[in-house]
Amino acid sequence: MDVLYFAWVRERIGIPREQVETSAATVADLVAELRLREERYELAFSDLTALRVAVDQKLTDFDAPLDGVREIAFFPPMTGG
Amino acid sequence: MRVVVQEQPFDIGAETTNFAAGHKDMGAIVTFTGIVRDLPGDPLQAMEIEHYPGMTEAALTEIAQTAIDRWKLGDALVIHRYGRLVPGEMIMMVATASKHRKNAFEAAEYLMDYLKSRAPFWKREITDAGESWVASKAEDEDALTRW
């Protein structure tokens with residue numbers, strides 16, 4: 001699936017998007033896998049309360065299932081308006 | 001309903017005139033415009049706005065449709081810019097049309113509250129002292145509870 005990063009999450013990880021092969025069942029499982037990769041991921045995901053997640057462009061939470069999902073995005077709380 | 005996400009400036013006069021045209025059964029039009037505000041003590045050089053193409057349009061459309069249904073609006077308009085803006089520039093505008101003013105005002109406030117924390121935009125301030133992401137405010141999240 002495509003994994004997208006925005007704002008300081010993008011800066012910490014160093015890329016705006018990547019393709020990830022995973023069998024993770026939920027968003028939280030995917031986050032656990034990513035954190036084990038490299039320190040930059042561990043840094044970006046160290047405090048999940050500071051992060052929001054969208055699955056297929058819909059805001060959701062970290063226990064959302066990933067079955068059939070094409071795109072997942074991680075970002076800080078939004079500051080529009 | 002019209003939702004626009006664009007980098008270039010918009011003309012608030014032309015947008016408001018276009019929005020108001022053709023709504024003979026609507027007695028009230030409310031517009032709100034957000035402006036890039038300079039920072040006291042640490043002058044703002046620019047504000048950079050990042051967004052999530054695709055999701056941004058979908059989220060704004062859903063928020064606007066909810067407002068139309070709930071306040072029985074004749075129409076709603078949301079324009080939000082992204083990219084690099086300087087103090088004094090218009091960031092965004094909303095407009096609502098309804099039979100009477102109360103619904104138009106309330107719906108505009110609802111749109112603003114949801115745009116602040118449910119539309120995927122992120123602001124970055126660039127000042128003489130450096131650059132930083134604007135943190136979300138607890139009061140913006142709290143504002144949603146009244147709806």
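**A first look at chain B**

Leu77(B) sits across from Ala95(B), a residue of strand 6 of chain B. That pair belongs to a predicted model, where local features need pLDDT of at least 70, side-chain atom pairs count only at pLDDT 80 or more, and totals for chains, interfaces and linings use all residues. Residues are numbered from 1 along each chain as its sequence is written, while chains are lettered from A and ligands numbered from 1 in the order in which they are written.

**Overall layout**

- Chain B has 4 helices and 8 strands; helices (H or I, at least four residues) and strands (E, at least two) are DSSP runs, numbered from the N terminus.
- For 147 residues, a compact globule would have a radius of gyration near 15 Å, and the 16 Å of chain B agrees with that. This radius is taken over C-alpha atoms, and the globule rule is 2.2 Å times the number of residues to the power 0.38.
- Along the principal axes, the C-alpha atoms of chain B fill a box of roughly 50 × 35 × 30 Å.

**Around strand 6**

- Strand 6 (residues 90-98) of chain B has 8 of its 9 residues buried, so it is largely enclosed by the rest of the structure. Buried means that 20 or more other C-beta atoms, placed from the backbone, lie within 10 Å of the residue's own.
- Across the whole of chain B, 33% of the 147 residues are buried.
- Strand 6 of chain B pairs antiparallel with strand 4 (residues 75-81) over 6 bridges; for two strands to pair, DSSP must find at least two bridges between them.
- Strand 2 (residues 28-35) of chain B also pairs with strand 6 in the antiparallel sense, over 8 bridges, and here Thr33(B) stands opposite Met93(B).

**Around strand 7**

- Strand 3 (residues 44-51) of chain B runs antiparallel to strand 7, joined to it by 7 bridges; His51(B) has Phe121(B) as its bridge partner.
- Strand 7 of chain B pairs with strand 8 (residues 130-133) too, antiparallel over 4 bridges, and a hairpin links the two through 2 residues.
- In that pairing, Ile126(B) has Glu131(B) of strand 8 as its bridge partner.

**Where chain B touches chain A**

- 21 residues of chain B are in contact with 14 residues of chain A; contact means that C-beta atoms, placed from the backbone, lie within 7 Å.
- Helix 2 (55-71), helix 3 (101-118) and strand 7 (121-127) of chain B each give two or more residues to this side.
- Helix 3 of chain B gives the most, with 5 residues.

Technical notes: A residue is buried if 20 or more other C-beta atoms lie within 10 Å of its own, exposed if 12 or fewer, and partly exposed in between; C-beta atoms are placed from the backbone. Two residues are in contact if their C-beta atoms, placed from the backbone, lie within 7 Å.
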